[in-house]
Amino acid sequence: MRTFCDLHTHSTFSDGTCTPTEIINEALSLGLSAVALCDHNTTRGLSEFMSAAEGKDIIAIRGIELTSEFCGRELHILGLFIPEESIQKMQEFADIFEERKEQSNLALAAALNNGGYMVDYTKMREQNPQGYINRAHFAAELTRLGYTESIKDAFRTLLNPSNKYYTPPLRPDALDVVEFIKSTGAIPVLAHPYLSMSEELLLEFLPQAKARGLVGMETLYPKFSDEETARAIETAAQFDLKQSGGSDFHGAKKPDISLGTGRGNLRVPMEPVEKLKK
């Protein structure tokens with residue numbers, strides 16, 4: 001019996017290496033009951049995603065991962081169960097960020113070139129015609145060219161915001177993003193809280209976000225320690241938030257993360273799907 005799901009995946013329409021169809025097929029082969037596509041700041045892969053799942057024994061969930069900011073820290077908010085009639089509204093909102101992101105990318109490419117790191121942004125664009133470009137693409141290119149030892153090394157060094165090369169784009173307020181997602185009929189869920197937030201900041205954010213419509217929080221995530229998972233479950237209960245979870249699958253961009261199982265021990269039951277949908 002299919003009993004597990006994955007509510008956080010990325011495709012070639014953002015910074016993943018699998019197409020939406022490949023994600024559906026892989027989820028079926030793994031025996032998942034449900035899978036959500038949550039590409040960064042775009043809904044453009046959802047049409048293919050839903051078509052690939054049509055008539056198959058799997059629940060395909062329309063999603064998005066919107067980049068936002070709270071108290072100077074970057075936060076990611078998932079919108080799950082996007083109604084079909086709200087996709088255009090969601091994309092129009094995301095388009096604003098994509099325009100800002102493109103300007104940030106052009107500035108990053110110019111700064112790297114001026115520093116002697118000769119990345120060809122035009123070629124990067126040609127190699128990713130479906131998706132938008134973010135720092136993960138720059139990290140992969142810098143590593144391919146031999147300027148950095150790995151993608152992780154690129155993020156730690158040349159692409160670190162504290163360095164002179166990367167200036168983040170202007171990001172929308174996280175509380176406004178939560179409220180917007182709720183207004184579309186989708187379900188706002190805080191993604192991987194402990195990746196970018198201290199416990200103190202999380203406890204400051206959650207009551208305000210809950211008041212603006214936050215419904216859930218990821219408590220099951222492959223990069224969480226056992227202690228963080230237990231703390232996340234306790235915190236979600238404290239604020240009466242529904243639990244969610246997923247692998248944050250990116251394909252070959254994150255080779256240590258597998259669809260459905262993360263680093264091998266992730267198991268997201270179907271209960272979050274049923275509770276979030278309700």
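What share of contacts in the chain between residues at least 6 apart in sequence join residues at least 24 apart? I found 73%, with contact meaning heavy atoms within 4.5 Å.

A note on the source: this is a predicted model, where local features need pLDDT of at least 70, side-chain atom pairs count only at pLDDT 80 or more, and totals for chains, interfaces and linings use all residues. Residues are numbered from 1 along each chain as its sequence is written, and side-chain values use heavy atoms, leaving out hydrogens and water.

**Overall build**

I looked up eleven helices and eight strands in the chain (DSSP runs numbered from the N terminus: H or I of at least four residues for helices, E of at least two for strands). The chain is as compact as a globular protein of its length, because its radius of gyration of 18 Å is close to the 19 Å that the globule rule gives for 278 residues (taken over C-alpha atoms; the rule is 2.2 Å times the number of residues to the power 0.38). Of the 278 residues, 55% count as buried, that is, under 20% relative accessible area with a 1.4 Å probe, protein chains only.

Next I checked helix 3 (residues 87-114) against helix 7 (residues 174-183): they pack at about 160°, axes 10 Å apart (axes are lines fitted to C-alpha atoms over the stretch in contact, and angles run from 0 to 180 degrees between N-to-C directions). That makes helix 3 roughly antiparallel to helix 7, the word for angles over 145 degrees. I noted that Lys89, Met90 and Phe93 in helix 3 meet Val177, Phe180 and Ser183 in helix 7.

How values were computed. Angles under 35 degrees count as roughly parallel, over 145 as roughly antiparallel, 65 to 115 as roughly perpendicular and the rest as oblique. Buried means under 20% relative accessible area, exposed over 50%, partly exposed in between (1.4 Å probe, protein chains only).
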